[in-house]
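Hi everyone, thanks for making time. I'd like to walk you through one structure today, starting with some strands and then moving on to charged pairs.

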Amino acid sequence: MRGGQGAARAPVIQFTNCRILRGGALLREDLWVRGGRILDPEKLFFEERRVADEQRDCGGCILAPGFIDVQINGGFGVDFSQASEDVGSGVALVARRILSHGVTSFCPTLVTSPLEVYHKVLPQIPVKSGGPHGAGVLGVHLEGPFISREKRGAHPEAHLRSFEADAFQDLLATYGGLDNVRIVTLAPELGHSHEVIRALTALGICVSLGHSVADLGTAEEAVQSGATFITHLFNAMLPFHHRDPGIVGLLTSDRLPAGRHIFYGMIADGIHTNPAALRIAHRAHPKGLVLVTDAVPALGLGNGRHTLGQQEVEVDGLTAYVAGTSTLSGSIAPMDTCVRHFLQATGCSVECALEAASLHPAQLLGLEKRKGTLDFGADADFVVLDDSLHVRATYISGELVWQAEEARP
């Protein structure tokens with residue numbers, strides 16, 4: 001039903017009494033959907049001489065593009081970095097549960113793991129379109145094992161690796177293939193990293209810089225080689241210093257390739273990053289900010305001991321630590337909570353907060369024509385929000401896939 005005569009015959013749904021996020025502004029317009037795509041109503045009226053088959057009153061709510069989470073390690077007891085015979089059922093459970101957070105697409109993320117985990121897990125997480133079954137899978141985010149020992153954070157030291165002389169072949173042997181991979185986080189100061197960055201980029205895989213002690217010059221060279229993202233800015237990297245700001249300096253660097261800017265992830269959970277640091281990053285480079293949850297398997301489960309790959313994680317209130325340490329180990333905040341906290345902490349506009357969770361991650365992955373936007377022709381993946389940015393309903397391909405209990409008729 002996505003193209004040709006089939007799409008033209010599909011029913012037209014008109015969402016009324018709403019504010020649509022489009023072109024960086026909230027517009028008091030209706031949203032028209034047909035065949036899973038956003039429809040241009042002028043063409044419908046003047047070329048097809050048709051009207052809507054169905055109207056849905058949105059009660060004055062905001063309609064924003066569906067949220068895209070490019071770094072999520074699991075949730076609801078599912079650990080993407082644990083090998084099993086049925087990884088797919090765990091991914092499906094998370095995909096279904098995050099619909100209530102407004103997430104319509106995501107990148108399941110694996111932390112540093114033994115080789116056998118990559119070889120067993122990666123073939124079981126194919127790219128998959130979203131729908132009533134759950135959010136779409138855009139490809140896997142591999143965070144490690146080619147990262148810094150000093151800035152490994154919650155990654156197990158025993159499984160960290162550096163690149164061998166034949167670096168890209170070494171990476172392929174480590175992961176067992178890249179068919180389902182969308183993002184790789186690595187430390188650019190590792191030997192041979194730049195040839196790896198160039199090879200990954202040539203395959204259309206996004207390279208992210210993180211868990212690193214790189215200085216600014218090394219980071220700039222990595223971007224010149226093709227890196228486009230920074231994994232959870234400020235966390236697991238050298239702190240900003242005025243003589244060498246390190247990876248953080250990429251936000252205002254004048255040595256990036258012409259026409260390119262860097263994107264950077266931020267965990268706006270109120271734990272990982274002080275509100276002042278969120279404000280500094282946002283004001284320095286607002287167009288590159290990508291909200292990520294970095295959620296761990298304990299998401300949605302509450303206090304107690306849980307796993308993250310090969311490590312035990314202890315959750316206390318809103319904070320997850322590597323058990324027995326004070327090292328932060330991912331987040332337990334859902335995406336809609338991160339959006340609200342980011343809005344409050346930075347004082348940015350509602351439009352900016354929503355685009356940081358939708359348009360910017362789509363741009364990072366080169367999907368901005370289809371995802372992260374409500375422009376005509378884009379996929380009809382969107383979230384219905386009240387004025388306080390709580391999720392009322394989630395739609396994928398124009399189909400209602402989740403609705404808050406109190407919003408149900």
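**Strands first, then salt bridges**

So, M266 stands opposite L291 in β18. Before I go on, this is a predicted model, where local features need pLDDT of at least 70, side-chain atom pairs count only at pLDDT 80 or more, and totals for chains, interfaces and linings use all residues. Residues are numbered from 1 along each chain as its sequence is written, and side-chain values use heavy atoms, with hydrogens and water left out.

Strands here are DSSP runs of E, at least two residues, and helices are runs of H or I, at least four, numbered from the N terminus. Two strands pair if DSSP finds at least two bridges between them. Strand β17 and strand β18 (residues 289-291) run parallel, joined by 3 bridges. To get from β17 to β18, the chain passes through helix α8 (residues 275-284), and this β-α-β crossover is right-handed; that is, with the strands pointing away from you, the path from the first strand over the helix to the second runs clockwise.

β17 is also joined to β16, again parallel, by 2 bridges. There, I230 stands opposite Y264.

Which way do the residues of β17 point? F263 and G265 go one way, Y264 and M266 the other, and all are buried. Buried means under 20% relative accessible area, exposed means over 50%, and partly exposed is in between, using a 1.4 Å probe and protein chains only. In a regular strand, side chains alternate between the two faces of the sheet.

Okay, charges. A salt bridge here is a side-chain nitrogen of Lys or Arg within 4 Å of a carboxyl oxygen of Asp or Glu. How many salt bridges does that rule give? The count is 17.

Take R255 and E220, whose closest N and O atoms are 2.7 Å apart. R255 sits in the loop between β16 (229-230) and β17 (263-266), while E220 is in helix α7 (residues 216-225), so this pair ties together parts 35 residues apart in sequence. R255 is partly exposed at 41%, whereas E220 is buried at 5%.

Another one is E48 with R34, at 2.8 Å, N to O. E48 is in the loop between α2 (41-46) and β6 (54-57) and R34 in strand β4 (residues 31-34), so parts 14 residues apart in sequence get tied together. E48 is partly exposed at 34%, and R34 is buried at 10%.

Lastly, R37, R370, K371, D379 and D381 are linked in a salt-bridge network.
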